[in-house]
Amino acid sequence: MSIDDSIHDVETIPIRVGIIGYPVGHSLSPKMHTAAFRALGLNWEYSLLPVAPEEMQDAIEMIRREVWRGLNVTVPHKQAVILLLDFITPQAEIIGAVNSIVNQNGRLVGYNTDWIGFLEALREAGFDPANRRAVVLGAGGAARAVVYALLEQGETVTIANRNQRKAEALALEFATQFDREIAVLSLDDSAGLQSAINNAELLVNCTSVGMSPYPNGDPLPPEIVLPPHLTVYDLVYNPRETQLLKRTRAAGATGIDGLGMLVHQGAEAFRLWTGLDAPIEVMRQAIE
Ligand code: NAP
């Protein structure tokens with residue numbers, strides 16, 4: 001093979017990235033990133049990697065060896081993958097989850113871009129998150145990224161979860177980290193929830209209630225009244241217009257759907273891999 005041929009080969013071999021999860025077939029990330037690569041004329045390829053938990057170690061070593069540029073990580077690997085990486089950012093460490101990996105010449109670095117995506121989506125929708133009061137519904141992985149983002153912005157946070165003990169554990173951990181008080185409620189405590197919501201500017205649904213295939217679910221008890229001054233951010237993006245958002249708009253309050261966070265967390269991963277600003281609108285249109 002001549003030198004010219006080998007250079008040509010290098011140029012035509014796509015740079016590989018992908019999403020690792022189990023399952024991953026439902027993911028919108030391939031569409032979003034492939035559209036972005038095409039829009040910027042990049043010869044990059046985005047693959048689906050359905051990998052069971054017991055096969056994770058081998059899969060991550062393959063990524064390291066075969067010079068993939070990076071990965072998105074989804075359920076159920078966001079926590080477990082941490083032990084397989086060489087370094088994680090302080091934010092990912094506090095949140096306790098990695099959703100994006102960058103391969104720096106065989107050194108795998110873990111990031112959490114969910115919290116950045118959430119803040120960008122709020123700002124894009126016209127809500128300045130700095131120093132406000134928020135009620136967060138849920139205490140799972142997504143809630144951890146959202147609570148981190150809100151505390152980082154100086155917000156006062158109340159966490160309401162079905163399993164109150166889980167919310168208490170989360171609140172204790174973050175209160176220590178940020179040296180702040182975090183109130184906790186059970187989702188059944190309607191009076192406490194109503195009072196917290198009346199005193200808040202922002203309500204964020206980080207539960208999976210309302211998500212397909214159960215789109216009629218609503219995380220809030222029916223007796224809760226949403227005040228018109230409230231902004232409600234629902235992380236659920238399938239369906240986009242959830243029961244909670246319908247209820248929000250009927251009450252004259254402001255509702256924001258979860259698609260913006262999905263786009264912006266992806267845009268941040270794109271930036272980490274390529275060093276380029278992501279074509280946000282192209283990515284959004286690809287999955288709308
Ligand atoms: P997770 O770790 O499994 O947490 C699920 C949360 O939902 C827990 O707080 C759980 O409460 C609560 N929950 C589940 N079923 C419930 C029910 N029937 N009634 C009341 N609460 C219930 O899931 P996750 O990763 O945090 O994801 C949560 C949601 O966020 C999902 O819909 C996901 O698609 C969405 N999400 C969106 C984005 C985005 O970019 N827009 C990013 C990440 C996640 P218990 O603790 O009591 O079980």
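**Exercise 1. Describe how helix 5 and helix 10 pack, starting from the angle and the distance between their axes.**

Solution. Helix 5 and helix 10 (residues 259-274) pack at an angle of about 125°, and their axes are 7 Å apart. Axes here are lines fitted to C-alpha atoms, for helices over the stretch in contact, with angles that run from 0 to 180 degrees between N-to-C directions. Helices (H or I, at least four residues) and strands (E, at least two) are DSSP runs, numbered from the N terminus. The model is predicted, so that local features need pLDDT of at least 70 and side-chain atom pairs count only at pLDDT 80 or more, while totals for chains, interfaces and linings use all residues. Residues are numbered from 1 along each chain as its sequence is written, and side-chain values use heavy atoms, with hydrogens and water left out.

The next step is to name the arrangement: angles under 35 degrees count as roughly parallel, over 145 as roughly antiparallel, 65 to 115 as roughly perpendicular and the rest as oblique. Helix 5 and helix 10 are therefore oblique to each other. Helix 5 passes helix 10 in a right-handed crossing (left-handed if the near helix is turned anticlockwise from the far one by less than a right angle, right-handed if clockwise).

The last step is the contact, which means heavy atoms within 4.5 Å. Helix 5 contributes Asp114, Ile116, Gly117, Phe118, Glu120, Ala121 and Glu124, and helix 10 contributes Gly260, Met261, His264, Gln265 and Glu268. These residues divide into 4 nonpolar, 4 polar and 4 charged, where Ala, Val, Leu, Ile, Met, Phe, Trp, Tyr, Cys and Pro count as nonpolar, Asp, Glu, Lys and Arg as charged, and the others, Gly among them, as polar.

**Exercise 2. Work out how helix 6 is placed against helix 5 and against helix 7.**

Solution. Begin with helix 5 and helix 6, whose axes come within 8 Å and cross at roughly 60°; the two helices are therefore oblique to each other. Helix 5 passes helix 6 in a right-handed crossing. The contact is formed by Asp114, Trp115, Phe118 and Leu119 of helix 5 together with Ala145, Val146, Tyr148, Ala149, Leu150 and Glu152 of helix 6, and by class it has 8 nonpolar, no polar and 2 charged residues.

Turn next to helix 6 (residues 141-152) and helix 7 (residues 164-178), which pack at an angle of about 30° with their axes 11 Å apart. Helix 6 and helix 7 are therefore roughly parallel to each other, and their crossing is right-handed. From helix 6 the contact takes Arg144, Val147, Tyr148, Leu151 and Glu152, and from helix 7 it takes Leu170, Glu173, Phe174 and Phe178; these residues divide into 6 nonpolar, no polar and 3 charged.

**Exercise 3. State the strand order of the sheet with mixed pairing, and find its edges.**

Solution. This open sheet has 6 strands in the order 2-1-3-5-6-4, with mixed pairing; two strands pair if DSSP finds at least two bridges between them. Strand 2 (44-50) and strand 4 (87-88) stand at the edges, each with a single partner strand, so one side of each has no neighbour in the sheet. Strand 1 (residues 15-21) pairs with strand 2 in the parallel sense over 7 bridges, and isoleucine 19 has leucine 48 as its bridge partner in strand 2. Helix 2 (residues 29-39) packs on the sheet, where it touches strand 1, strand 2 and strand 3 (70-73), and its direction makes about 170° with that of strand 2.
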